[in-house]
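Q: I am new to this structure and would like to go through it with you. Could we start with how some of the helices pack?

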Amino acid sequence: MRFVNQVVLVTGGGSGIGRAAALAFAAEGAAVAVAGRSPEPLAHTVKLVESAGGTASPVVADVTREDDVAAMVDSVVTRHGGLHVAFNNAGTFVPGGVADLAADEWSRALSVNLTGTWLSMKHEIAHMRAHGGGTIVNTASNLGAHARLPGIAAYVTSKAAVSALTRNAALEHIADGIRINAVSPGPVDTPMSLRPGETPADRAARLRTALPIGRVATLDEVTSAVLWLASPESGFTVGHDLVLDGGATA
Ligand code: NAD
C-alpha cells in the first residue's frame with residue numbers, strides 16, 4: 001500500500017499499460033484519475049478499478065491540446081484534492097521510414113508522444129511545485145534512445161526525445177521536490193507490439209528468437225517498474241530511463 005492518500009494521474013489510461021498501471025496504483029491505495037480522448041474506455045478502466053475496491057475517475061483530454069491538458073490537471077486536483085504522482089503514458093505508434101513518412105504522420109507522432117508528454121509535465125509541475133512536490137514517470141521506449149529498428153523514424157525520434165526531455169525536466173525540477181524518471185519498455189503484451197496482420201501467437205513465435213528473453217513483457221513487469229519509480233523506494237533515482245526490454249539492448 002505505497003500510495004495511500006496519494007492522487008495519481010495516468011494518461012492513456014483507457015487501455016494497455018495505462019489501464020494496468022491505474023489498477024496497480026489503485027490496488028496500493030491511490031485515488032487514480034485516468035485521462036484519454038474517449039470517455040468509453042476510460043469509464044471501463046474506472047469500473048475495473050472500482051470493482052476491485054479502488055477509487056478512480058475519468059478525465060477526457062487530448063494531450064496534444066494545451067487547453068485540455070491544463071483542464072485535465074485542474075479537474076484532477078478539484079476532484080481528488082491534489083496531484084502527487086503523474087504517469088505520462090499516452091502514446092501512439094506511427095510506422096514509416098524517413099523517406100516514406102507523410103508530413104502529417106511525422107507531426108502526429110511528435111505531437112502525441114513528445115509534445116503530449118511535455119504539455120502534461122508542464123501543467124503537472126506547475127501544480128506540484130506549488131504544493132510540496134511529487135513524482136512523474138514518462139513512458140519512452142527502448143526503440144528510442146536505446147535500440148535500433150529501421151522503418152519507424154517518427155516513433156523512435158519522438159521516444160528518444162521523451163528520454164532526453166525526462167533528463168532535462170528531472171534536473172530542472174528536483175530542487176522543487178519533483179522527481180522525474182522514465183521507463184523504456186521493449187515489446188509489451190498489448191496490441192501495439194503486434195506487427196501488421198500479426199496474431200499474439202505469431203508475435204510469440206517471432207520474439208522467441210528476436211529477443212534474448214524470448215517473449216513479450218507482461219503488463220505487470222512494466223507497471224511494477226512504474227510504481228517503483230513513482231514511490232519513495234526509488235527516492236535517489238532522478239532523471240533515469242529504466243530500460244525493460246528482455247535483453248534487447250544488453
Ligand atoms: P495503447 O495504444 O493501449 O495505449 C496508448 C494510450 O494512449 C491509449 O489509451 C490511447 O487512447 C492514448 N492516447 C493516444 N493519443 C492520445 C492523445 N492525443 N491524448 C490522450 N491519450 C492518447 O498502447 P500501450 O501499449 O498501452 O502503450 C502505452 C505507452 O507505452 C505508449 O506511450 C507506447 O508508445 C509505449 N510503449 C509501448 C510498447 C508496447 O510494446 N506496447 C513498448 C514501448 C513503449
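Q: Which hand does the crossing of α4 and α5 have?
A: The crossing of these two helices, α4 and α5, is right-handed. Please note that the model is a predicted one.

Q: At what angle do α4 and α5 pack, and how far apart are their axes?
A: Helix α4 covers residues 103–130 and helix α5 covers residues 153–173. They pack at an angle of about 15°, and their axes are 8 Å apart.

Q: Why are they called roughly parallel to each other?
A: Angles under 35 degrees count as roughly parallel, and the angle here is about 15°. The helices α4 and α5 are therefore roughly parallel to each other.

Q: Which residues meet there?
A: From α4, the residues include Trp106, Leu110, Trp118 and Arg129. Among those they meet in α5 are Tyr155, Lys159, Leu165 and His173.

Q: And how does that contact of α4 with α5 divide by class?
A: It has 14 nonpolar, 5 polar and 2 charged residues.

Q: Moving on to α1: how does it pack with α7?
A: Helix α1, residues 16–27, and helix α7, residues 219–230, pack at an angle of about 60° with their axes 9 Å apart. The two are therefore oblique to each other. Their crossing is right-handed.

Q: What makes the contact?
A: On α1, the contact is made by Gly16, Ile17, Ala20, Ala21, Ala24 and Phe25. On α7, it is made by Leu219, Val222, Thr223, Val226, Leu227 and Ala230. By class, the residues of this contact of α1 with α7 are 10 nonpolar and 2 polar, with no charged ones.

Q: How does α1 pack with α2?
A: Helix α2 spans residues 39–51, and α1 packs with it at an angle of about 30°, the axes being 10 Å apart. That angle makes α1 roughly parallel to α2. The crossing of α1 past α2 is right-handed.

Q: Which residues meet in that pair?
A: Arg19, Ala22, Leu23 and Ala26 in α1 meet Pro41, His44, Thr45, Leu48 and Val49 in α2. This contact of α1 with α2 divides into 6 nonpolar, 2 polar and 1 charged.

Q: New topic, the ligand: how many residues surround it, and which are the closest?
A: The ligand is surrounded by 26 residues. The closest are Ser15, Ile17, Tyr155, Val188 and Thr190.

Q: What lies 2.8 Å from a ligand oxygen atom?
A: A polar backbone atom of isoleucine 17 is at that distance from an oxygen atom of the ligand.

Q: And how far from a ligand oxygen are the backbone atoms of asparagine 89 and glycine 91?
A: For asparagine 89, a backbone N or O atom lies 2.9 Å from an oxygen atom of the ligand. For glycine 91, the corresponding distance from a backbone N or O atom is 3.3 Å.

Conventions: Residues numbered from 1 in each chain as written. Predicted model: local features only at pLDDT ≥ 70, side-chain atom pairs only at ≥ 80, totals over all residues. Heavy atoms only, no water. Axes fitted to C-alpha atoms, helices over the stretch in contact; angles between N-to-C directions. Helix = DSSP H or I, 4+ residues; strand = E, 2+ residues; numbered from the N terminus. Parallel < 35°, antiparallel > 145°, perpendicular 65-115°, else oblique. Left-handed = near helix turned anticlockwise from the far one by under 90°. Contact = heavy atoms within 4.5 Å. Nonpolar A, V, L, I, M, F, W, Y, C, P; charged D, E, K, R; others polar. Near = heavy atom within 4 Å. Polar contact = N/O pair within 3.5 Å; in protein donor to acceptor, adjacent residues only side chain to side chain.
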